[in-house]
Amino acid sequence: HKTSFSAEEIQAYLKGDLVTCFGSSFFLTQTHTRTPLPSAGNMNFIQSVSQLDFTGGPKGRGYIKAEWYVRPDDWFFEGHFKNDPCMPGTLMADACLQLMALYVTAAGFTQAKDGWRFQPIQDLTCKFVCRGQVTPTYKKITYELFIDEIIE
């Protein structure tokens, strides 16, 4: 398994080219025809993954760390709060869900499942911790996920 992914590899993932992103062992995914693509364009908040460890984190069940580089002219700054530009926390939470979907894909859970979709479990709460307000002066956002449990 790879332990990091470049911006180019993440772009391949977003286009559904999992072989380019994850390697030749993902050849079966080239037969997928019904699997929806991950959020791309303005709604993608993962630009690179610097760490992926399937046995990492405090519980030893997984850890993934990703980065997204902030630009002062990012689209969401103008529309959140008048005269107080910041990134909405809901977009940061969405980025964590995008990262979780990438983790599940990288772990191979989706290879033999054409048409798979990742979504949170209804009525199950998720804890997101935003450690500060992201403003146009920020340079980079780091997202980290610590996997507690995987149920297949």
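Cys 86 is buried, at a relative accessible area of 3%; buried here denotes under 20% relative accessible area, exposed over 50%, and partly exposed the range in between, computed with a 1.4 Å probe on protein chains only. The coordinates are those of a predicted model, in which local features need pLDDT of at least 70 and side-chain atom pairs count only at pLDDT 80 or more, while totals for chains, interfaces and linings use all residues. Residues are numbered from 1 along each chain as its sequence is written, and side-chain values use heavy atoms, with hydrogens and water left out.

The sulfur of Cys 86 has its closest cysteine sulfur in Cys 130, at 10 Å, which is too far for a bond. Cys 96 is likewise buried, with a relative accessibility of 13%. For the sulfur of Cys 96, the closest cysteine sulfur is again that of Cys 130, at 7.3 Å, too far for a bond. A disulfide is defined as a pair of cysteine sulfur atoms within 2.5 Å, and a search of the whole structure returns zero of them.

The protein contains three helices and three strands. These are DSSP runs numbered from the N terminus, with helices being H or I runs of at least four residues and strands being E runs of at least two. Read from the N terminus, the order of elements is α-α-β-β-α-β. The radius of gyration of the protein is 16 Å, close to the 15 Å given by the globule rule for 152 residues, so the protein is as compact as a globular protein of that length. This radius is taken over C-alpha atoms, and the rule is 2.2 Å times the number of residues to the power 0.38. The C-alpha trace spans about 50 × 30 × 30 Å along its principal axes.

Of the 152 residues, 36% count as buried. The protein exposes about 9400 Å², of which carbon and sulfur atoms supply 53%; accessible areas come from the Shrake-Rupley method with a 1.4 Å probe, and for residues only the protein chains shown count as cover. Contact is taken as heavy atoms within 4.5 Å. Among contacts between residues at least 6 apart in sequence, 67% join residues at least 24 apart. The side chains include 14 positive and 16 negative ones, and the centres of the two sets lie 2 Å apart. In this count Lys and Arg are positive and Asp and Glu negative, with His and the chain ends not counted; each charge is placed at NZ of Lys, CZ of Arg, CG of Asp or CD of Glu.

Thr 3 is exposed, with a relative accessible area of 51%. Residues up to four places away in sequence aside, Thr 3 touches Ser 50, Gln 51 and Leu 52. The C-alpha atom of Thr 3 is separated by 9.0 Å from that of Phe 54, which lies 51 residues apart from Thr 3 along the chain. Within helix 1, Glu 9, Ile 10, Ala 12, Tyr 13 and Leu 14 are buried. The buried residues of helix 1 pack against helix 2 (18–22), strand 1 (48–53) and helix 3. Just after helix 1, Gly 16 adopts a positive phi of about 85°.

Positive phi values also occur at residues other than glycine. Asn 83, which is not a glycine, has a positive phi of about 65°. Asn 83 is located in the loop between strand 2 (63–69) and helix 3 and counts as exposed at 74% relative accessibility. Asp 123, also a residue other than glycine, has a positive phi near 70°. The position of Asp 123 is in the loop between helix 3 and strand 3, and this residue counts as exposed at 76% relative accessibility.

The loop between helix 3 (89–106) and strand 3 (140–146) also contains Gln 111, as well as Thr 110. Thr 110 counts as buried at 2% relative accessibility, and Gln 111 counts as buried at 17%. With residues up to four places away in sequence not counted, Thr 110 touches His 32, Val 104, Thr 105 and Trp 116. On that basis, Gln 111 touches Ser 25, Phe 26, Leu 28, Thr 29 and His 32.
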